[in-house]
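Please have the sequence and the structure open while reading.

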Amino acid sequence: SLSRLRAEVESVSHESFARFLVEWHGISLNPKHQDGLLDIIERLQGAPIPATVLETDVLPARIHNYQPTDLDALLASGEVVWLGIRPTGSKDGRVALYSSSHLDLLATNIEPLEGEVYDAIRTALRGSGAAFFSHLHGQIGGLPAELLTKLWDLVWHGEVSNDSLVPLRNLLRGTQKRGPLNRRRLRFRNARPSGLPGSEGRWWLVSERRSRLATPSTDKRMALAQQLLERHGVFTREAVSMEELSGGFSSVYPILKALEESGQVRRGYFIEGLGATQFAVPGAEDMLRAHRDENDDICAVCLAATDPANPYGSALPWPSEIAGRPERSPGARVILANGKLIAFISRSGKSMNTHLSEDEVERRKELQALTSALTRLLERDLQRTIFFETIDGDAANKWPQVSRLTEHGFRSSSSGLLLSKKTHFEAINARR
């Protein structure tokens, strides 16, 4: 019976799968057709997302007019927690969100870091339940900056977390926003340990929030497999690279196979060009089939390259037509038009490589979609300007299609192409 069911599956193209994944993650240009923040977190929970793009790209792509205070409210209520997964620099790393009810099942068991200061921090937090940084410094002593560094070592290791994302935001920015205080008062506050960027809020031990009873490994693997299916809809061996699974695909394959045998998921050759180990949850197969045919109107979305909704560079290979060496690196972005990757923007934001159709009519539609996706970055307040030095390896102002960008407010100069909020809205008014 399983063999017959697998044979009935008709595979779809890479572009069809990319269109499906964008819809599966609830990424819509229509604000009325978007899920709530908690629903989005339940789909993303456990995914290792770079901290620098979580609130600038990943969540705003799913929620119209995303407000950080909404996430802070869920964190403060205890419904949601965030954990560090691993550092990727001195002040950056990958983090994961979890609903509190799934923390025990989905969070990885880790070995504690060894060191006297780490032990002192754990002891202080274990005795107080949750503590401000000033309280920790009062108990442990030493230089505040060195203590904060050790505290963040524990955060990135997944041992300590906070009731808010404020310290993470300030750590990434490197500075705190302050009100119009006089100089004497500002100097006094800066002298306090709590004045250090990244020290704000109440800190707590993750182990104190988790159940004292050991969760059976089989239950954890089952929960992980179900979460991966929930996140991807159609989960493939190739998608493991974006999940950083301990043990790789083999750690969840027996569970996926058992779910298929029990009729809870379906296995088949859903996406052409990928391996045969593809598993789909109920409903995902029909949705995937519905995206087999491309719409006449081209609609583009701009995503972080590391977004789970972007299959390129993990589940799908990068298109060979994209010049350079595209990577799923923090800060890089992709623009998908009806599932086709039409542009890759480097992590610096100054270089763009395109993959446009040879057909003139299709290329014109793709360019329209490309400019619309770029201008929406400004409209949703992610950044004030967009500046390209190079496009497709050459000077941006000499790009053959540069007129399409200047029509939408890009200004050409000797150093490149610049689009600001002011020139963008001036171009809109001019077209009207």
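## A buried tryptophan

Trp152 has 5% relative accessibility and therefore counts as buried (under 20% relative accessible area; exposed is over 50% and partly exposed in between, with a 1.4 Å probe and protein chains only). Trp152 and Trp203 form an edge-to-face aromatic pair, with 5.7 Å from centre to centre and 80° between the planes. Rings of Phe, Tyr and Trp (its six-membered ring) pair if their centres lie within 6.5 Å; planes under 30 degrees apart count as stacked, over 60 as edge-to-face and the rest as tilted. This pair links distant parts of the chain, as Trp152 is in helix α9 and Trp203 in strand β6 (residues 202–205), 51 residues apart. Helices (H or I, at least four residues) and strands (E, at least two) are DSSP runs, numbered from the N terminus.

## Source of the values

The model is predicted: local features need pLDDT of at least 70 and side-chain atom pairs pLDDT 80 or more, while totals for chains, interfaces and linings use all residues. Residues are numbered from 1 along each chain as its sequence is written, and side-chain values use heavy atoms, leaving out hydrogens and water.

The structure holds ten aromatic pairs. In one of them, the ring centres of Trp82 and Trp152 are 6.4 Å apart and the planes are at 35°, so this pair is tilted. Trp82 lies in strand β2 (residues 80–87) and Trp152 in helix α9 (residues 144–156), so the pair ties together parts 70 residues apart in sequence. Trp82 is buried, at 0% relative accessibility. Ring pairs link Trp82, Trp152, Trp156 and Trp203 into a cluster.
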